[in-house]
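Here is a brief report on one protein model.

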Amino acid sequence: MSEPSLPLLDRTPVGVRPGSLWLQGLSLGILLALALQVSVLIATAKAGGHEWIQGDWLINLAGGPVRRGAFGSAILAFSDITGLSPLDIVMAMQVTLVAALVLGTAVLLLSQPSASMSLAAMSPGIFALVWTIAPLAAGRKEIFGLLALLLLALPGGKAGRMVLSALLLAVGAVGHEVNVLIFPVWVVFLFLFPRPAGKATRMLLIAAVGVAVAGAAAFAISHARLASSEAVCAALTARGLDRSLLCNGAIAWLSHPGNGMESVAEALANVRNPGLLPLYWLCCALPLLRLWLAGKPPRLARLALAAGIGPIFLLYPVSLDWGRWVAIQTTVAALILLGLGARDRFQPVRPISLHERLLWLANTLAWTPHHAIGVAFGGLFALAI
């Protein structure tokens, strides 16, 4: 089945279309975001690591079976074979993945048919706009799943891109269970944005990734915790890494007794203005909803939206990382709209006015989702101050 896009988009390089100053400006913004994200990754690695940014990637199986452990053990094995520092390996992976994700998002923006499509990137929660989320988001493993989706959303390309996307999602599912919940929307993306490959190829990829995702999910549920994380940390200190920098965050959390729904309930009870949480979610969703309702997305796009947003809601009651969950949901919604727009399969029936775009831009800059439960006013303004 050939990709349903205009021949012009398939035969010529992606370029900037007329009247797209807004798209250029947002693209520049996310490139600046990339510079900030990469600088944080490099700085923390040079400083000896961070308990969350690199620590989560280095969870391993030294203390027995535990979720995410196979991923970290593979990194340690590669380190032993090559003599490279595990921190350098993690940093190289993170920089490569986040650069591909952010640059690909910029390409999608510059491929849009009109400036009105800039609303697709005007959500305070979208991953690539790092002025609205903590820079440590670049080190989170959902970048595997989001990049897998982005590769399918980008126009053009051959079947090899589908295979790379599948590998990213499978590896990401082993590394972090959040990518398991991205699998349903990934399946829909294979049909919403098909490559020049037959249905049999897509079904084979779905089956292969489905097995990997199911296995990763079963393993994570069966081995959610450890009685002690000491052996996990010892595997790192044996390779010259600093316990005080790497072992007190994600690794220590493996044996933390408060991990789960109780900690979420306790945190909510201590939030000063809990009413801001649903309000913030709306502030993230409304610009995307406004754009969605202004056009006529295909039916399959509605299924993709439901498959991308719905499963992530399962994480809200069991984990504190609400800023991350918002970012995943809004980024998936943005990729759907941008992927369709880049193929001229979606744009507003009537152009969205300059004044309205300015209002949505102000909304984007005004709110900051904290990594954990909480929301603050400030965004880009807070960075400037």
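## Arg 68 and Glu 177

Arg 68 and Glu 177 form a salt bridge, with their closest N and O atoms 2.7 Å apart. Arg 68 sits in the loop between H2 and H3, and Glu 177 in the loop between helix H6 (159–175) and helix H7 (183–192), so the pair ties together parts that are 109 residues apart in sequence. The model is predicted, and side-chain atom pairs count only at pLDDT 80 or more.

The two partners fall into separate burial classes. Arg 68 has 14% relative accessibility and counts as buried, because buried means under 20%. Glu 177 is partly exposed, with a relative accessible area of 22%.

## Lys 141 and Asp 56

Lys 141 forms a salt bridge with Asp 56. Their closest N and O atoms are 3.5 Å apart, and the cut-off for a salt bridge is within 4 Å. Lys 141 lies in the loop between helix H4 (86–110) and helix H5 (142–153). Asp 56 lies in the loop between helix H2 (21–46) and helix H3 (69–82). The pair therefore ties together parts that are 85 residues apart in sequence.

Are these two partners buried or exposed? Lys 141 is buried, at a relative accessible area of 0%. Asp 56 is buried too, at 2% relative accessibility.

## Arg 239 and Asp 80

The side chains of Arg 239 and Asp 80 also meet in a salt bridge, at 2.8 Å from N to O. Arg 239 is in the loop between helix H9 (230–237) and helix H10 (243–246), while Asp 80 is in helix H3, so this pair ties together parts that are 159 residues apart in sequence. Arg 239 counts as partly exposed at 31% relative accessibility. Asp 80 is partly exposed as well, with a relative accessible area of 47%.

## Leucine patch on the surface

Leu 282, Leu 286, Leu 289 and Leu 293 form a nonpolar patch on the surface. Together they have about 370 Å² of accessible area. Leu 289 belongs to helix H13, which covers residues 276–294. Its relative accessibility is 41%, so Leu 289 counts as partly exposed. Patch members need over 30% relative accessible area.

## Second largest pocket

H13, helix H14 (299–309) and helix H15 (322–342) each supply at least two lining residues. By class, the lining has twelve nonpolar residues, two polar residues and no charged residues.

## Leu 354 and Trp 22

Leu 354 lies in helix H16, residues 354–366. Leu 354 is partly exposed, with a relative accessible area of 45%. How far apart are the C-alpha atoms of Leu 354 and Trp 22? They are separated by 9.8 Å, although the two residues are 332 residues apart along the chain.

Key
Residues numbered from 1 in each chain as written. Predicted model: local features only at pLDDT ≥ 70, side-chain atom pairs only at ≥ 80, totals over all residues. Heavy atoms only, no water. Patch = residues over 30% accessible without salt bridge, like charges linked within 9 Å, V, L, I, M, F, W, Y side chains within 5 Å. Areas by Shrake-Rupley, 256 points an atom, 1.4 Å probe, with all protein chains shown as cover. Helix = DSSP H or I, 4+ residues; strand = E, 2+ residues; numbered from the N terminus. Buried < 20%, exposed > 50% of the residue type's maximum accessible area, 1.4 Å probe, protein only. Nonpolar A, V, L, I, M, F, W, Y, C, P; charged D, E, K, R; others polar.
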